[in-house]
Amino acid sequence: MEVVSSAKQEFVVLIGVVAVVILLVGTIMYFIEFNVPKEDLVSGNIVLNSTGFNSILHGCWWAVVTVTTVGYGDLYPKTMVGRLAGSMVVLFGIVVIAFPMTIIISKFQDSFTIKKLNANKEMTRKLRHMAVCRPYIPYDGGVNNVSRSEGGVKAVKENNDCTRQLPRLPYNGLMDKPET
């Protein structure tokens, strides 16, 4: 959910562009298809507007169905110019479906990289703390009464010197800038 919310602005722009394209294509298809003459098979009369594109809203309905690649088949262009325009709209629909995936994948990669860098930063901080505050005391086989269990821990606690400072690592540009 964090990834989708971080891409909010891109999705708003995408929805706006798709809405404008649907309105534009619906209007174009209405003007291409609205006055197509066709002979009525029952009465033998010439009938205008037999394609179903009765208004711009019908054209927008067709554009939404076509851009989303649903394709109900209830409304389709019947002229050659309309079919050519419809082919272009179908290709645009494929791009519209693929484009959000690239946004989500890009934002997921950014989020994953930030989490990984923060985890590395935290691990570096812990390792630096361990190197400064917990010096390694090797087991000497019990010669100086320092055992691995109690005596070793006691010796580490007695010799704990957290006042030592390790030298600063150079800033590599990937993690947060160190405080000076």
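**View 1. W62 and the residues around it.** Leaving aside neighbours within four places in sequence, W62 is in contact (heavy atoms within 4.5 Å) with V25, M29, F53, L75, Y76, P77, G86 and V89. Keep in mind that this is a predicted model, where local features need pLDDT of at least 70 and side-chain atom pairs count only at pLDDT 80 or more, while totals for chains, interfaces and linings use all residues. Residues are numbered from 1 along each chain as its sequence is written, and side-chain values use heavy atoms, with hydrogens and water left out.

View 2. Rings of Phe, Tyr and Trp (its six-membered ring) pair if their centres lie within 6.5 Å; planes under 30 degrees apart are called stacked, over 60 edge-to-face, and the rest tilted. By that rule, the count comes to 5 aromatic pairs. Here's one of them: F31 and F34, edge-to-face, sit 6.0 Å centre to centre with 85° between the planes. F53 and W62 also make an edge-to-face pair, with 6.0 Å centre to centre and 65° between the planes. Both F53 and W62 are buried, and buried means under 20% relative accessible area, exposed over 50%, partly exposed in between (1.4 Å probe, protein chains only).

**View 3. A cluster of rings.** Y30, F31 and F34 are linked into a cluster by ring pairs. Is F31 buried or exposed? F31 is exposed, at a relative accessible area of 52%. F34 counts as partly exposed, at 25% relative accessibility.

**View 4. Helix α3, end to end.** Helices are DSSP runs of H or I with at least four residues, numbered from the N terminus. At its start, a side-chain oxygen of S55 comes to within 3.3 Å of the backbone nitrogen of L57. Buried residues in α3 include G59, C60, W62 and A63. Just after α3, T69 takes a positive phi of about 60°.

**View 5. The largest nonpolar core.** A nonpolar core is a set of buried Ala, Val, Leu, Ile, Met, Phe, Trp, Tyr and Cys residues joined through side-chain atoms within 4.5 Å. The largest one has 16 residues, and V18, I22, V25, W62 and V67 have the most contacts inside it. At least two residues of this core come from each of α2 (8-33), α3 and α4 (80-133). The largest share, 6 residues, comes from α2.

Terms used
A polar contact is a pair of N or O atoms within 3.5 Å; within protein, one must be able to donate a hydrogen and the other to accept it, and residues adjacent in sequence count only if both atoms are side-chain atoms.
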